[in-house]
Amino acid sequence: MTNKQIAGLFSEMAGLMELHGENEFKIKSYANAYLNIRKLDAELELLSPEELQAFKGVGKTIAEKIIEISQKASFAALEEMRSKTPEGVRQMLAIKGIGPKKLIFFWKELGIESPGELLYACKENRLIAHKGFGPKIQEDLIKALEFYQSQSHLFHHYLLETEIQEILQEVGQLNPNIQIELTGTAKRWVPILESLEFIVSGPITNVPENLSLQTSDIEKSKGLWKGNIPVYFFYQSFPLSAKNSLMLTGGSEEFIHFIKPYDRPLENSASEELFFKEIGHPFVPAECRDLKEFENFDPSKLIRDEDIKGVVHNHSTYSDCVCSLKEMAKECIRLGYEYLVISDHSKTAGYANGLSIERVEMQWREIDQLNIELAPFKIYKSIESDILSDGSLDYPDEILAGFDLVIASIHSNLKMNEEKAMMRLLNAVANPYTRILGHPTGRLLLSRQGYPVDHMRLIDACADHDVVIELNANPMRLDLDWNWIDYAQKKGIKIAINPDAHNLTGIRDIKYGVRAARKGGLLRNNCLNILNNAEFNAWILTKK
DNA sequence: ATCGCAAACGATCTTAAAGGGAACTTTAA
């Protein structure tokens, strides 16, 4: 289990304890353990109780629970809490807009035990009869519940990567005569998946323990992996022809339309690569097949992992990251990057320990020191400034002027209409100190929709004011969405692929950003952080 | 349940906005 998953169990524990009216300080300890553990880099499952207790927020009890988790993937106290809470109530714990107080009321007072029942109650107008509830809350709950239901059958691609590898391995090993290959949306690097799809050369006779096959016909079998992930196996004779491989992998209507006229080579080519060779068109990698235009497609110009030279938008112990400036810098050096842009949270982000002006200046002095010590590696002084409710940034101009670059992001007051959102965004983009617009929609995939954004107007404004747009590489965000990269490129805007790292491992999220960028067809030359240190420095000096 | 300051014990991250109902509660970042 990853630290994030272990932390998730403590967060769940805290939520359940709250529902059952446990001691609020005990609850806080579990919630706190979640906050601290999820960002740790050391692999917790390998550590001793003494080593575990050295971490902040981990005492004797939590350490014991971590040991228990490493053996059983859960802990007894959590299982007990789960067993006395209906599954539907546990699901509602994760829905934004439903906090513990409301949930206790729904469950204990109204007898509502699932998201579906709550949605029904809202639609029947049954909530507003109760004190503290009015039409607006009911309406917002309906939106939140409908969003939840629309997403509940979907999966994050990044969380299924190990599952994909396991399926390939286990089916392959148990059935040595069968060839198996990934296809479909997962092969195309679609960030959110409904199911996993594979091509196999024949029926799976030795079924892995984690797989249950449900239906089969001549063309395919359908099953469930680990009880909840839908899996399809399409039968094809190997070696695969281009037609079978390409058609099963799929892509946009435009892509299918594009390859259709090449019927004969499609039918006869022995592989995807040969097909493209035979029609005299550059190979279109699977992740790019959701694009809409292929006439001038040139894969050699697409962004690649190794093109990224600098790590932009990162946090440190000054705000809500567990690693110091030096630790972050050293990890960047180790990974072969030339520079690090530290953009901690600004002062309004109190929950994330946002920096007061004094602490900003303290950080600048430390960065100056480290830049002498670590040269030629460079740390740039930045800030992830909150975009306040009126669209202004979080410090007076003389402080903003002291940063090498300012990233502007919305973190607060996310519940707003498009008009308000655009007012804040456009104000921030027009601010002369804003160089990069951070995670433009504020979405968290499968969990938070984000505020409504008129992407075209926003991109146009960024073009007008020479503002770079972030593609936040955190796999929960991937925001700017890859679908908008094409328009941004046409407007001549640069995209920064930023990990938004809150620990050392977070830096490696860049790979998810590069994937999303390739999916959107981002050309290397339109990416900000392919610039080497000298070039990046020159870019900074071209202040608006 | 944990931490920090102190050696047994007290305190536990902030803040603003929004909704509902006329002072406060709830939620989320």
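**Reading the model**

Modeller: What covers the buried residues of helix H9 includes helix H8 (115-123). Please bear in mind throughout that this is a predicted model.

Colleague: Which residues of H9 are the buried ones?

Modeller: Burial is judged by counting neighbours: a residue qualifies if 20 or more other C-beta atoms lie within 10 Å of its own. In H9, the buried residues are Leu141, Ala144, Leu145 and Tyr148. Viewed down the axis of H9, these buried residues fall within an arc of 100°, so they line one face of the helix.

Colleague: Which exposed residues does the face of H9 turned away from its buried side carry?

Modeller: That face carries Pro135, Lys136, Glu139 and Ser150, which are exposed.

Colleague: What end-to-end distance should H9 have, given its number of residues?

Modeller: The expected span is 1.5 Å times one less than the number of residues. H9 has 17 residues and should therefore span 24 Å; its end C-alpha atoms are 25 Å apart, which agrees.

Colleague: How should I read the domain assignment of chain A?

Modeller: Read it as residue ranges taken from an automatic or database assignment. Chain A is given domain 1 (3-151), domain 2 (154-238), domain 3 (251-286) and domain 4 (305-541).

Colleague: Consider a single residue next. Is Thr183 buried or exposed?

Modeller: Thr183, which is found in strand E2 (residues 180-183), is buried, because 26 other C-beta atoms lie within 10 Å. Leaving aside its neighbours within four places in sequence, Thr183 is in contact with Glu197, Phe198, Ile199, Phe234, Leu248 and Thr249. Sequence separation and spatial distance can also be set side by side: Thr183 and Gln236 are 53 residues apart in sequence and 12 Å apart in space, C-alpha to C-alpha.

Colleague: Backbone torsions remain. Where are peptide bonds cis?

Modeller: Omega is the angle to inspect. The peptide bond from Ala375 to Pro376 is cis, with omega near 10°, and Pro376 is found in the loop between helix H17 (357-374) and strand E10 (378-386). A cis peptide bond also joins Asp479 and Leu480, with omega about 15°; Leu480 is found in the loop between strand E13 (468-472) and helix H21 (485-490).

Colleague: Which residues have a positive phi although they are not glycine?

Modeller: Trp189 is one of them, with phi of about 55°. Trp189 lies in the loop between helix H11 (184-187) and strand E3 (192-193), and counts as buried because 20 other C-beta atoms lie within 10 Å. Asp466 likewise has a positive phi, near 55°, and is found in the loop between helix H20 (455-464) and E13.

Colleague: How many C-beta neighbours does Asp466 have inside 10 Å?

Modeller: Asp466 has 15, and therefore counts as partly exposed.

How values were computed. Residues are numbered from 1 along each chain as its sequence is written. Chains are lettered from A and ligands numbered from 1 in the order in which they are written. This is a predicted model: local features need pLDDT of at least 70, side-chain atom pairs count only at pLDDT 80 or more; totals for chains, interfaces and linings use all residues. Helices (H or I, at least four residues) and strands (E, at least two) are DSSP runs, numbered from the N terminus. A residue is buried if 20 or more other C-beta atoms lie within 10 Å of its own, exposed if 12 or fewer, and partly exposed in between; C-beta atoms are placed from the backbone. The arc is that of the directions from the helix axis to the C-beta atoms. Two residues are in contact if their C-beta atoms, placed from the backbone, lie within 7 Å.
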